[in-house]
Amino acid sequence: MQLLTIGRLAEHAGVTVKAVRHYHARGLLPEPERDGSGYRRYDAGHAIQLVKIKTLADAGVPLARVKELLAASPAEFVAAIAEIDRDLSRQAAKIRRSRERIAQLRDGDRLFVTPEVFAYLRRLRALGVSDRTVRLERDLWVLLHAVSPGSADGWVTDKLDALDDPEFQAIYLAYDAAFDLPPDDPGLPALAARARRWYATRSGTPESTGDVDPAITQLAAASAAASSPAWSRLAELARSAG
């Protein structure tokens, strides 16, 4: 019988020498004794076994189960393959969901917020609000939705409605432009007063705001104010006016 070196065996089976050695280490392929020259020589049985291993591995069978399948009866083989197929289907579904989430990254904000908040952020960008302020808004919505989704849903509905008002748009853009102003800028009191007048005209309050932890709203407000001394000053003016 003509015997094969490990290199010729790998070549005939369509695998690498490294793969053959790996199958030896996993106990899937018997390792022959060395000949007088110190080389391992493989026979037809090794070649057949190696082709079977490669066929199962290429089909997606985990190597941990290859040895089991090679020794299984026909009925056991069919049952095991059915189980592996179910596992692969679950993995495929998980990969599909992951790919959908990865695709959402192309839209940036969409991955982290609800569709309603995403629509609100898109409208801010279309209005000309800076990316910096939009990112700050997004992060606050992420926090609010995590701790009180019902309240956040009510607030974003109210915000979307407010964006239909040209005066609110103008005030928002003015706040955005004020980000880099010094806290003693003489225009800040007038801007705070303008915002107070607008809010005074709003009838009612946003839906579902009663269940949110006040500490969270304070944390969100503090986070926004800390980003800009001018915004912090605007917040102080609002509080001092009641």
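**Pocket, glutamate and rings**

Student: What does the lining of the second largest pocket have by class?

Tutor: That lining has three nonpolar, two polar and five charged residues, where Asp, Glu, Lys and Arg count as charged, Ala, Val, Leu, Ile, Met, Phe, Trp, Tyr, Cys and Pro as nonpolar, and the others as polar. A pocket here is an open set of 1 Å grid points where a 1.4 Å probe fits, with protein on both sides within 12 Å along at least five of seven lines, and lining residues have an atom within 4 Å of a point.

Student: Which residues line it?

Tutor: Among them are Arg21, Arg34, Arg40 and Arg41, together with Glu31, His24 and Tyr39. The model is predicted, with local features needing pLDDT of at least 70 and side-chain atom pairs 80 or more, while totals for linings use all residues. Residues are numbered from 1 along each chain, and side-chain values use heavy atoms, without hydrogens or water.

Student: New topic: is glutamate 137 buried or exposed?

Tutor: Glutamate 137 counts as buried because its relative accessibility is 12% (buried is under 20%, exposed over 50%, with a 1.4 Å probe).

Student: And how many aromatic pairs are there?

Tutor: The whole structure holds five (ring centres within 6.5 Å; planes under 30 degrees apart are stacked, over 60 edge-to-face, the rest tilted). Tyrosine 120 and tryptophan 141 have ring centres 6.1 Å apart and planes at 75°, so they are edge-to-face, and both residues are buried. Tryptophan 198 and tyrosine 199 are also edge-to-face, at 4.9 Å and 85°.

Student: Which residues do ring pairs link into a cluster?

Tutor: Phe168, Tyr172, Trp198 and Tyr199 are linked that way, and tryptophan 198 is buried, at 6% relative accessibility.

Terms used:
Rings of Phe, Tyr and Trp (its six-membered ring) pair if their centres lie within 6.5 Å; planes under 30 degrees apart count as stacked, over 60 as edge-to-face and the rest as tilted.
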